[in-house]
Amino acid sequence: MSKYLPLWPDQASTMAGQVDALFIYVLLVSGIMTALIFIAVTVLAIKYRRVPGRKAQQIEGSTFLEIGWSVLPFFVMITFFIWGAIIYFQERTPPADATEVYVVAKQWMWKIEHMEGQREINELHVPTGQNVKLIMTSQDVIHSFFIPAFRIKQDVLPGRYTTLWFKATVPGRYHLFCAEYCGTMHSGMGGDIVVMEPQDYAKWMAGGPFAPLQDTGKELFASLGCATCHRSDIQGRGPNLQGIYNKPVLLEDGRTVVADENYVRESILNPTAKIVSGYKPVMPTFQGIVSDEQLNALVAYVKSLSQPPVGTAGLQGQPAASAAQPQNTQVQ
Amino acid sequence: MHDSRAIPGPASTTTTQVATADHEVHNPALLHHFADAQQQKNAASLGMWLFLVTEIMFFGGMFCAYLIYRLAHFNAFAAGSQQLDIKMGAINTAVLIVSSVTVVLAVKAAEVGKRKLLTGYLVVTVLLGMTFLVVKGFEYKEKFEKHHVPGPSFNFTDKFDDNGKQIPVNSKEAELFFSLYFAMTGMHALHMIIGCGLFGTLAVLAWKGHYAPSYFTPIENAGLYWHLVDIIWIYLFPLLYLISRHS
Amino acid sequence: MATKAASPVIPVNQTPKLNYLNNGHGLKSWLLTTDHKRIALLYLVSVSIFFFIGGIFAMLIRLELLTPEGDLLSADNYNKAFTQHGMIMVFFFLIPVVPAVLGNFLVPLMIGAKDLAFPRINLLSWYLYITAGILFLHCMLNGGVDTGWTFYSPFSTEYTNTNIVEAGIAVFIAGFSSIFTGLNFIVTVHRMRAPGMTWDRLPLFIWANYATSLIMILGTPVIAITIVLVAVERLFHLGIFDPRLGGDPLLFQHLFWFYSHPAVYIMILPSMGVISELIACFARKRIFGYKFVAISSMAIAVFGFLVWAHHMFVAGISLYAAMIFSFLSFSVGVPSAVKVFNWTATLYKASITYATPMLYAFGFIGLFTIGGLTGLMLATIGIDVHVTDTYFVVAHFHYVMVGGVLMGYLGGLHFWWPKITGRMYPEGWAKLSALFVFVGFNLTFFPQFILGYLGMPRRYWQYPPEFQVLNVLSTAGASILAVGYLLPMIYLLWSLRYGPIADANPWNAAGLEWKTSSPPPTFNFDETPVVTWEAYNYDEIPEKELEAPVAR
C-alpha cells in the first residue's frame, strides 16, 4: 500500500476484515463472470467474423439454457445476499456491553460527548478491543458518519437517534468523513478517529475534570422539574423511570413499545405521542427548551437509572477503569 | 388536413377544440394517421385511461404520505380531523355524486345525438363543479379564520376528544395534518377547476353541434376524467373528515 | 445497390423524392410540426445542447478534483457544478435521450404506423421539455441549485438558500413531458401496429420502449408530486418532510427513490433495445431467445418498482426492510443478466461485421457487465454500508448510465443516421471516436471504483492527498472521453453535407424502418405494410458483398 497510490483501505476494526472477505468473494465471482463474458464475446466475434460464403446459422434459442442462466446466477446471488445480510445484521446489533458515546452532527462539524463527560470536536478517541456504540443525532440536515477503515457508515438524522457500533483493533489515526451531502463545507466535515491502546486511552481520558454525562442529565432532570412527577415511587403523576430502559412499555392505546433511546427522546420532545398506560397526557413538551446536547444528557441519565448502581458509582472516581474494565460501567 | 379535428387526448382537448371550431369536414374526426374511426376511438380511450393511471399515481404519493403520518401521529391527526366541517364535506360529496350522474346522462345524450340535452347536462355539471368549489372556498375561509392554515400564524390549541377524554396534541403535528389537508384538497380543487374549464368548453362545442352519435369521444373521455376526480374526493372525504371521529 | 431484394413488400423509390426533411421549410414548419420524425430531430438538437452543457459541468468537476485542495472553484460553486451536472444529465439528457430521439423516430416506423397515436401530444411533450429546460437554464444562470440532483430534505426544504422551487418546477414539467411520451408510445404500440405486426413479431427495441413507457407513466407522477411537496414545503413552511415541523425526511427519500430508481431503467432499457437491434443486424441473426429478451424487459420494468429502498440501507430504515430490499434487488439482476447472456449467445455461429454501431454494442456489453456486477456488490448490504455514498457508487452508475445508455445511444445514432438524414457518417472517424470513448471512459471511471472502496465520499470538493493519483487518472480519462464525444458532434454535422448518400437499407438490415426510403416520407410508408415475417428474419435477407455496410 503505497502512500501515493493506495489500493486497499486500512483494516482497523473487527468488521473491516469481514467486509473485505465478503467483498473479495463477490469480486472474485464478478471477476470470473466478467472474464467469461469478455472472452466469450471476443472469441465469438473473431471466430464468427464475416467470411464470404459462410452464412449465419439461425438459432431460435433454448429454454433450457435460458432457465439455466437465470437460475444459476440467482443461486450465486443468494450467497451474496445471505453473507451480506449476516454482516449487516452484526453491524446493526450493538453488543450489550458497548461503551456509549453521543454524537451530535451539525453543519459542518461533529460534536462528540463521552459518557465520562469528555467532549471532542471532529475527533473521536477510542480504545482498541472495546465495543463502542455511537448514539447519533443531527441538529440540522442529514449527515452520515463514515469511517472507511472500519467499513461502517450510518446516516445521522435530525429529530431522532441512529446508532452505530464498532470494535477498533489497530491503534492509529483514521479518517472520519461525512458521507451524506450536507451543504457548502460537506467535504470539510471530517475529522479523525484516534484509536489508542487501552492504557493510552485511559491516560487521555484522565486528562481533566469532567462531569459524567448522566450527572449532567441528573442536574437537568432536577432543574427542569422532571423529578416532581417522575418520582422514584409509584405516586408520581408520571411513570417511574427506574429500570424502564430497553424494557417493553404498555401504552394507553394498547400498543407495546420498547423504551429505547428514541422512545425516551420522543417522550421528552413529544410527550403525548405515546402515553404510558394508566397515566394522563399532562406532560408539557420540551421541544425548543432543551438542546440536543442536553437531550443526550437526559437520555443518558434515564438510561443510567436502569443500570446496576455499581457501574454508575465507579464512573466518576476512576475514569480510567471504565475503559480498561468496561463491564464495570455498563449494563450487562 | 392535420388540424381538422381535435385529438381527444387529455392535454390537448380544450385548446384544439376551440381552434378547430369552424372546421366542419365530411369525415369529421378521422386524423390522417389512423386507419379508421374505430382505431382512433380506441387509441383515444386507451390514452385517457393511461392518463388516469398517472393521475392515480400522482395522488397516490400524497395518500401514502397521509396514511403513514396518520399512523405516526394519530392523536394530532384525529384532533385536526375533528376540526373539519363534516357538513360541508358531506354536501360537497353529494354535489359531486350528482355531478357524476349528470356526466353519465351527458354521455348518454351524446350517444343518442340530443344536442340540447347534452349541452344542458354539460352546463349542469359545470354548475355543480362550481358549487363544489364555492363550498370548498367557504371551508378554506373558515380555516383561515381559525388560524388552521399552516405557516407562521398557525395556531392549534384544540384537544383530541377521545370518547370524552381531552388529549392535548402537538401543534406541529396538527400543522402537518393541515399541510396534507391543504395539499390534497388543493390539488383536488385544481383538478376540479380544470374539469370545469374542460366541461365549459365542451358545452360550447356541443351547443355548436360538434358532436354526433358517430363522434363524441371527447365527451366520453372528459367524462372519465370527471369520474376520476370524483372518485379521488370519495377517498379524500372519509380519510380527512370521517375516520378519526370515533366518539 | 443491392437493396431491391431486401424490400419484398414496398417498392423503394431510388430517385430523390419528397421526404420528411424537405416536405416543408422554414422555422414554422419545424416548430409546429406534428411529424414524429421532425419532433425526434427537435429532441436530437435539444438533448445534444443539454449534453454539452452537462458535459461542461463534468469537466469543471474533474478539473477541480485534479488537486486535493479546493482551488479551481469555490466550495459553493463546486456543489452547484455537480448538482447542475446531475440534474441536466439525468432529467434533460439520460431520461429523454433514447426514447425521445430514437424512440420517437423509430417506434412508428418499426411497427408500420404513419405516426404516433397522438402527434400533437408528442409535440406538446417537446414543448414541455424545452420549457422545463429553459426554466432550468434560467435557474442555473441565476445562481443554480446546490442540493445534488437528489433534493434530499431537510437540506432542500429548509437549509439551502438556492432556488429549489424554480428547479423543482423545471423537473416537474420535464416529468410531464416524459409522461406524455410514455403514454403516446403505449397507445401507439397497442393500437397502431400494421396488419400482421403481432406482439411476437415486434422488434426488441419496441418491447424495450414499451416497458420504459410503463415506468414513465407509473413512476413519473410520484416524483412530480414529491417535488411539488418540496416546493410547497419551502414556500409555505409546511412540515411534510422537515422533522422540526413533525415531518419525516425518510418519507421524502422513499418517494424520491420510488421514482428515481425505476428511472434508471427508463434510461437503460431503451438502450438495451438498441443493442438488440444492432447485434441482430451485424451478426446477421435472429436474437438468441427473442422471447426471453422481450420478457426480461418487462420483468425489469416490474421488478424495478420493488427495489427502491436499496438506496437507503444506511439512511435509517429498519433492519428487516433493508434485508427484504436487498433480496429484491438481486431479483432485478436476473433479467439484466439474461439479456447479456442472450446477446453473447447470439454471436455464436453468426456472421459478424465490425461496423461502428457494432463496436458500440460490444462496448455496451462489456461496460454494462461491469456496471451490473458492481450493482450486485451494492445490493449486498454488508458491502453497501461501506461503499454507499462513495465514489464506488459514482463509478457504478456511470458505468451503467454512460457506459450503458450513452454507448447504446451513440451506437443507435450511427446505425440509424443514414435513415434519419439520408447520409452515411465517415466510418474511419467513427471507429476512432468509438475507441476514444471506450478507452477514455474506462480510464475515467475505473479508478473511481478503487477510490470508492478506499472511502472517498462522493460530492467532495476537497479530499485527503492520498487520493490524488487516482483522481488525476480519472481526470485524464475524462479528457480523452471528451474528445470521444466531440468527434461525433463534428463529423456527424459534417456528414449532413458531405457524407455519402445512403440508400434505403445501407446495412441490409431487417426491420420495417429499412423498407421505406432514406429519409422516409412524411407518412413513413407509401402504402401501409403488411407484415408476414418474424422479427430479425435475416435468413430471408440475402447478404451483400463483403465490404457492403458502408455505402459509397
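Let me start inside chain A: 13 residues of domain 2 of chain A are in contact with twelve residues of domain 3 of chain A, where contact means that the C-beta atoms of two residues, placed from the backbone, lie within 7 Å. On the domain 2 side, the elements of chain A that give two or more residues are strand 1 (99–106), strand 5 (131–138) and helix 3 (198–205). Helices here are DSSP runs of H or I with at least four residues, strands are runs of E with at least two, and both are numbered from the N terminus. By class, that side of domain 2 of chain A has seven nonpolar, three polar and three charged residues. Nonpolar covers Ala, Val, Leu, Ile, Met, Phe, Trp, Tyr, Cys and Pro; charged covers Asp, Glu, Lys and Arg; the others, Gly among them, count as polar.

A word on the source. This is a predicted model, in which local features need pLDDT of at least 70 and side-chain atom pairs count only at pLDDT 80 or more, while totals for chains, interfaces and linings use all residues. Residues are numbered from 1 along each chain as its sequence is written, and chains are lettered from A and ligands numbered from 1 in the order in which they are written.

Back to the domains. Chain A is divided into domain 1 (14–42 + 61–92), domain 2 (99–205) and domain 3 (213–322), with bounds from an automatic or database domain assignment. The centres of domain 2 and domain 3 of chain A, taken over C-alpha atoms, are 24 Å apart.

Now the sheets of chain A. One is an open sheet of five strands in the order 3-2-1-5-8, with mixed pairing; two strands pair if DSSP finds at least two bridges between them. Strand 3 (119–121) and strand 8 (162–167) of chain A each have a single partner strand, so one side of each has no neighbour in the sheet. Strand 2 (residues 109–114) and strand 3 of chain A run antiparallel and are joined by three bridges. Ile112(A) has Glu120(A) in strand 3 of chain A as its bridge partner.

Another open sheet of five strands in chain A has the order 4-10-9-6-7, again with mixed pairing. Its edge strands are strand 4 (123–127) and strand 7 (152–156) of chain A. Strand 4 pairs with strand 10 (residues 191–196) of chain A in the parallel sense over five bridges, and Leu124(A) stands opposite Ile193(A).

Which chain meets chain A through 76 residues? Chain C does, and chain A gives 73 residues to the contact. Helix 10 of chain C brings the largest share of its side, 13 residues. By class, the chain C side has 47 nonpolar, 19 polar and ten charged residues.

Within chain C, helix 6 (residues 164–191) and helix 7 (residues 204–236) pack at an angle of about 155°, with their axes 7 Å apart. Axes are lines fitted to C-alpha atoms, for helices over the stretch in contact, and angles run from 0 to 180 degrees between N-to-C directions. Helix 6 of chain C is therefore roughly antiparallel to helix 7 of chain C, a term for angles over 145 degrees, with under 35 as roughly parallel, 65 to 115 as roughly perpendicular and the rest as oblique.

Last, chain B. Strand 1 (residues 159–162) and strand 2 (residues 165–168) of chain B run antiparallel, joined by four bridges. Asp162(B) stands opposite Lys165(B). This hairpin of chain B has two residues between the strands, and Asn163(B) takes a positive phi near 50°.
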